[in-house]
Amino acid sequence: MTELKPRKTLFNPEVKRRGIYLLPNMFTTAALFAGFFAIVQAMQGDFERAAMAIFIAMVLDGLDGRVARLTNTQSAFGAEYDSLSDMVSFGVAPALVAYEWALRDLGRIGWIAAFIYCVGAALRLARFNTTLEVMDKRFFQGLPSPAAAALVAGLVWVMIVAGVPGGDVRWIACLLTVLAGVTMISNIRYYSFKDVNLKKSVPFFSIAAIALVFALVAYSPEIALFAFFVGYCLSGYILAAVGLLKRKPV
């Protein structure tokens, strides 16, 4: 007979006694604030600020885990808090920004597309949390929610800078939003960059390439960031196609 694990208590007295680590959770709170700020700006019609806030949330989300590991302040509370923050910043915020910017004009199809993205982010985070101990650290299963949010927010940002109204590209926005949502819950693998060793020596041209990337981002951040995440999204499909071709009998 399968042994049933005891359910988690709503209030953990152990956490209350020990308290929580301040430093990494400050970054998580800042990322949550950026996601909430994006929602507020979208409601007020300032979609450029909303898109930029989502990218800022991405940077802060990438820092909290690294700060926790560097300072040895990792905790179960921090992991759960980070997931809830991600759901707001990379699940709800991009869906609402896309809906207010372009999908509203599509009526029922628009809000369904936004919901597909939102539920895709929720399922992606839930699956990540439950398979964290058994998955290959070098790869993500499905498109990570920050990258999916960057696709949606990047399109909004690029179009606004180009002076293109959301209504003119509503079908493109709809397809991209649905694609991002579905790719998050797919089994397509994406490189995680977690095995990159920053302490290892690299050839000289690597530093030159990094400098070129910084120059491109400084020149046109919205195009450079959007192009990078479009390429990252496509990389999973390309690797999956190559894998299928290799497994095909000759």
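**Stop 1: the aromatic pairs**

Start with the rings: this predicted model holds eight aromatic pairs. Two rings of Phe, Tyr or Trp (its six-membered ring) pair if their centres lie within 6.5 Å; planes under 30 degrees apart count as stacked, over 60 as edge-to-face and the rest as tilted.

Select Phe55 and Phe229. Their ring centres are 6.4 Å apart and their planes meet at 50°, so this pair is tilted. Phe55 lies in helix α3 and Phe229 in helix α9 (residues 221-247), so the pair ties together parts that are 174 residues apart in sequence. Helices here are DSSP runs (H or I, at least four residues), numbered from the N terminus, while strands are E runs of at least two. Are Phe55 and Phe229 buried or exposed? Both are buried, which means under 20% relative accessible area, whereas exposed means over 50% and partly exposed lies in between (1.4 Å probe, protein chains only).

Next, select Phe228 and Tyr232. This aromatic pair is stacked, with 6.5 Å from centre to centre and 5° between the planes. Both residues lie in helix α9, four residues apart, about one turn of the helix. Phe228 is partly exposed at 47% relative accessibility, while Tyr232 is buried at 10%.

Now show Phe55, Trp157, Tyr190, Phe228, Phe229 and Tyr232 together: ring pairs link them into a cluster.

**Stop 2: a charge over a ring**

Select Arg189 and Phe139. Arg189 lies over the face of Phe139, at 4.0 Å from the ring centre. To count, NZ of Lys or CZ of Arg must be within 6 Å of the ring centre and within 35 degrees of the ring normal.

**Stop 3: the nonpolar core**

Which residues touch the most other members of the largest nonpolar core? Select Trp101, Leu103, Tyr117 and Leu143 to see them, among the 55 residues of that core. α2 (22-43), α3, α4, α5, α6 (145-161), α7 (170-184) and α9 each supply at least two of its residues. The largest share, twelve residues, comes from α6. A nonpolar core is a set of buried Ala, Val, Leu, Ile, Met, Phe, Trp, Tyr and Cys residues joined through side-chain atoms within 4.5 Å.

**Stop 4: the salt bridges**

Side chains of opposite charge can pair when their charged atoms come close. How many salt bridges are there? The count is two, taking a salt bridge as a side-chain nitrogen of Lys or Arg within 4 Å of a carboxyl oxygen of Asp or Glu.

Select Glu100 and Arg104 for one of them: the closest N and O atoms are 2.7 Å apart. Glu100 is partly exposed at 25% relative accessible area, and Arg104 is partly exposed at 43%. Then select Arg49 and Asp46, where the closest N and O atoms are 3.6 Å apart. Asp46 is partly exposed at 26%.

**Stop 5**

Most residues other than glycine have a negative phi. Select Asn72, which has a positive phi of about 55° although it is not a glycine. Asn72 is found in the loop between α3 (47-70) and α4 (76-101), and is exposed, with a relative accessible area of 62%.

**Before you explore further**

Residues are numbered from 1 along each chain as its sequence is written. Local features need pLDDT of at least 70 and side-chain atom pairs count only at pLDDT 80 or more, while totals for chains, interfaces and linings use all residues; side-chain values use heavy atoms, with hydrogens and water left out.
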